[in-house]
Amino acid sequence: MCGRQIRTHEVTLHIDIDITSICSVAKRMEVEQGRHEGIIILVHFAGGIPVASGWWYEPDWSAHILPQLCHAFETARRRRDGVVEKKFDGARASQASRHPWSSVRHGCISHIRIPPPRWCALPSENLSLAPTPPAAGVHFHLDALSRCACGVGIQTLPPPDVQNVRCNNATLFGLTSGVTVTIEVLPCPACHHRRRFIGPDLGTLGAFNWNNAYLFTHELLNAYTNAYTASETPFAAFCLTIRRQYEDRSPRMSFCSDETFVRAWFAFTALQDLDSKMACPTCGPSPTTIIADGVSLATAASKLIDSGVQPPTHTNSTSEHIESISSYKARHLPPIPEKDIRNAVLGFLQGTATQRPGSAQPDISAIEEPYPEVAALLRLTIADDLLNISDLSNMHKRKALRDLSKQIAAPDIILQLVPYDAIQALSMLAETGIAVDWLQAMCPALGAVIRTYATTESTVRLPQEVIGSARWLASRAGAVFTRLAQHAPGSSESAVVSQASWAVTGTCYGLPAIRRRRIYSKLRHDTNPTDAHTEEGGECNKFYKTYSRNGLAGGILVLWCRHSICLGFHTIPVAEGRNDVFSAIYTHFPIAPNIIIYDFACQLAPYCFIREAQYFSHTRFFIDELHAQGHTKCGQACFASNAMRFDDRVRAANTSAGECGNKGIRRIRKSVSYMRTPDGQY
């Protein structure tokens, strides 16, 4: 492009095509019927011969004109080169509609920051009372803060000539009625447009200046913010209620169009400080406990195509490729990889649930040959002394041993049962028989066994079967972690992260993005947008297909701290999956959280350990209490309720923080589904 000049009444484009420079002039014409505006396009050679013309009734005209201009320019080039004109190319039109010009948005006169309503202000904010809306017949004067919608301020111009200052009528839309006011304006010397004027900001007077002709009270615009955050209120429904109130006051006064109100409201909220900086004042910028949850709040999937949305899951040709981990190494992650042996262990536990002393012992030779330590632990659960129900302590010991055996037979990755930080402590327990105090918090299943065998607060005498199982679990967990931890996490210095606005990318987190998501080229289905396949992740097949079936994007993924403070969110273009949680944390957190609570944590753990075992080495993954009921095949090591018995950090966390936040987010789900980006993101 050799030049571009955009005006309200005239758009001049200069495009070089080989030798000849083609000039297109677009003039905006008013259309009497309706509230839309028409566009007349004339495209011609440098010699002045017209080759195409057309007109449209579209408010967002730039997105529709550009495809037609592209076609006209191509037609001109073909005629110049003697090529017969072909039919309109839809692919070329789609490409033209992605041009940055299509994102041009209407500006407003008001530009000074506006405080949020008192009902949604933070306790640390000292806000004054809202100003009283102006009355009918009031006159608004130009001041030092006056400016034009193009951004030219009155202070940048020479002292205005008194004769150039005009006094125009304007409509001030309030909550229950609209009034006619007068406003001083000054023709903008930069726009040269009969409808572009420099006007006052009016923010301190409780009014929002949209275009010097339409003014809105803060009371009205804040009323919609209050309405949609309290209940599911679309724009059309709110405008209808306001329109009915206007009819009760005066049949001559009508409310503005829905489209105008939507544009004005988004421009108004853009001036308000409504965000909380996405940080918890107690946890700090990088909390150690994270609650992740997705919600089906999204624009239509068709409106996300080529919209610039780039969630943390986004990869491109410049993304780093990792080949040190493969689908072959990602196999055999549970404590007992063989499914038939796991079923044999579970069958033994089910068959001996009502075992009595002196009863015949089931045959466990199929378990004893490959896993003698597990077989010894199973025999201990049916020892005659533990079957003596007259001793209450024996009942507790047997229950703890059976729970440990059941978790060993779970299909989850062993690092759920034995975290990396507990491997060394578990090895020391096997060698010395001494258990550190914090081992119970890291391994609740072993913690319950240790507690039942404790004779005093400092003395614990564990059976050799338990010590042998601890040695085997430590060895097995260490082997799995070593096999997966083949590479270090990406360096934040080498990442080139996009600085685009979050309203465009759909990604808004309190922490800046410090690294990009890698591509694990030897992992099958790594780049798939959905969780249609799992790599030895277990038997809990909880996939996310509900959102995409309805033609919507997957929604948004939100991260919360344990105090129910939102830490950020990003748009899910297709369907919610493990990749969203993994990428959001990996790309924004310098150090992985110690605890991640997610309703799909049983599958999130292997997904994260397979890709970045070193980064997530100190992280534990738990399923929140609300969603624990649907995970019938998962081990108790995945449940937050199980960890709460010994870990105060998990007990203090509000595991349902995501669901509590989603309850409020769902109130705007209907409105957002009809919006485009970036309005839907905002």
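**Group meeting: salt bridges, a helix pair and the cores**

Glu 259 is partly exposed, at 24% relative accessibility (buried is under 20% relative accessible area, exposed over 50%, partly exposed in between, with a 1.4 Å probe and protein chains only). This is a predicted model, where local features need pLDDT of at least 70, side-chain atom pairs count only at pLDDT 80 or more, and totals for chains, interfaces and linings use all residues. Residues are numbered from 1 along each chain as its sequence is written, and side-chain values use heavy atoms, leaving out hydrogens and water.

Back to Glu 259. Its salt bridge partner is Arg 263, with the closest N and O atoms 3.3 Å apart (a salt bridge is a side-chain nitrogen of Lys or Arg within 4 Å of a carboxyl oxygen of Asp or Glu). Both sit in helix H5, four residues apart, so about one helical turn separates them (helices are DSSP runs of H or I, at least four residues, numbered from the N terminus). Arg 263 is partly exposed too, at 33%.

What does H5 pack against? Helix H3, residues 218–230, at an angle of about 90° and with axes 10 Å apart (axes are lines fitted to C-alpha atoms over the stretch in contact, and angles run from 0 to 180 degrees between N-to-C directions). The two are therefore roughly perpendicular, a label for 65 to 115 degrees. In H5, Trp 265 and Phe 268 are among the residues that meet H3 (contact means heavy atoms within 4.5 Å).

Next, the cores. The largest nonpolar core has 98 residues (buried Ala, Val, Leu, Ile, Met, Phe, Trp, Tyr and Cys joined through side-chain atoms within 4.5 Å). Helix H14 gives it the most, ten residues.

Note on methods:
Parallel < 35°, antiparallel > 145°, perpendicular 65-115°, else oblique.
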